[in-house]
Amino acid sequence: MNMSATDLPVHRSMMCLKESTNNLNNTYTTALMAYVFSLAGDLKTRDFLLQHLDSVSSQEGGLIHWSQSTDEGYGSLSVEIGSYVLLAKLSGSPTTEDLGYASRIVRWLSMQQNYYGGFSSTQDTVVALQALALYSSLVYSTKGSSTVKVNSPSGQLVFDVNQNNKLVYHEKLLKDLGGKVNLEVEGSMCASIQISLHYNIPTPTTVDIFFVEAKPECQTQKNRVTLKLSSLYRGKQQTTNMVILEVTMLSGFVPDPESVANLRQALLVGRVEENEGRVLIYITELPKDTPIHHTLTLIQEVPVQNLKPALVKIYDYYQPSDQAETEYVVTCDVD
């Protein structure tokens with residue numbers, strides 16, 4: 001957009017955000033705002049937010065990380081929070097102290113990476129890799145080398161990292177794993193080391209925290225069906241993060257444009273998107289143990305025989321593994 005922080009629309013937006021710094025109950029929002037104010041060059045507000053974030057962080061074993069609540073696990077949201085704090089801390093002209101603080105976040109983030117280098121979801125992977133890339137660019141050096149030794153009962157693996165191969169991914173297989181595995185690093189070059197262990201576990205018992213119901217009702221008007229949607233959250237928190245209600249269209253059906261427009265103004269709906277035979281309803285939050293109802297009208301454009309059920313799915317935007325789904329089908333004659 002090529003706009004500066006002094007442009008009137010941006011300035012007004014920043015003033016609006018600045019007013020919200022009096023309420024820092026949401027750790028994710030606070031981390032995101034810290035990065036926004038850093039990009040805007042308002043370092044005073046950024047430092048204020050970072051100071052608060054440091055006070056609510058978890059610091060142990062030389063690592064720093066955050067979670068949205070005390071009883072929440074370290075999932076996708078924690079990765080995003082840490083990444084935004086890292087971006088805020090390093091944007092501008094970070095000091096040596098800032099880099100030292102950042103390295104503790106980097107170490108924790110690196111521990112959350114999966115075997116393929118990504119994280120839990122596309123969203124947290126994009127933000128985390130951006131933050132890690134920024135950190136890497138700041139600690140980059142044209143000098144030095146390091147030797148990494150991996151000692152195990154089955155033998156020793158040696159990795160030599162130097163100026164000629166420092167950007168190359170190195171991988172070796174550790175055989176006959178059993179007992180202790182020790183790492184030894186000698187040298188002056190920064191290197192990221194990851195040990196990936198693959199194993200099978202019994203399928204864990206899952207506790208459903210989301211419930212979704214879809215009931216189609218035929219209208220008196222020809223070729224139209226009203227889909228009654230009900231969403232329910234029964235987790236530990238009082239409210240959820242943003243939730244996606246994804247409605248797949250039946251074969252031959254399309255969403256009614258007027259119904260979609262009404263849905264955009266419905267309770268707790270942030271926005272609505274149509275994408276390849278699906279309607280995505282972004283729900284800002286679901287309160288605990290309170291069913292939230294929405295309505296979507298479908299129009300039959302092409303008659304289809306032996307109509308198969310279509311899927312309706314609800315899931316946490318930041319924790320897609322927290323999900324529920326159901327199917328619906330039209331049994332009345334809409335031709």
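Analyst: Strand β7 (residues 224–233) is joined to β6 by 9 bridges, and the two run antiparallel. This is a predicted model, in which local features need pLDDT of at least 70 and side-chain atom pairs count only at pLDDT 80 or more, while totals for chains, interfaces and linings use all residues. Residues are numbered from 1 along each chain as its sequence is written, and side-chain values use heavy atoms, with hydrogens and water left out.

(Strands are DSSP runs of E with at least two residues, and helices are runs of H or I with at least four, numbered from the N terminus; two strands pair if DSSP finds at least two bridges between them.) In general, strands of a sheet pair through backbone hydrogen bonds, either parallel or antiparallel.

The pair belongs to an open sheet of 4 strands, with antiparallel pairing and the order β6-β7-β12-β9. At its edges are β6 (210–218) and β9 (253–255), each of which pairs on one side only. From one strand to the next, the twist averages 30° (axes are lines fitted to C-alpha atoms, for helices over the stretch in contact, and angles run from 0 to 180 degrees between N-to-C directions).

A helix also packs on this sheet: α7, residues 257–264, touches β9 and β12 (292–300), where contact means heavy atoms within 4.5 Å. The direction of α7 makes about 165° with that of β12.
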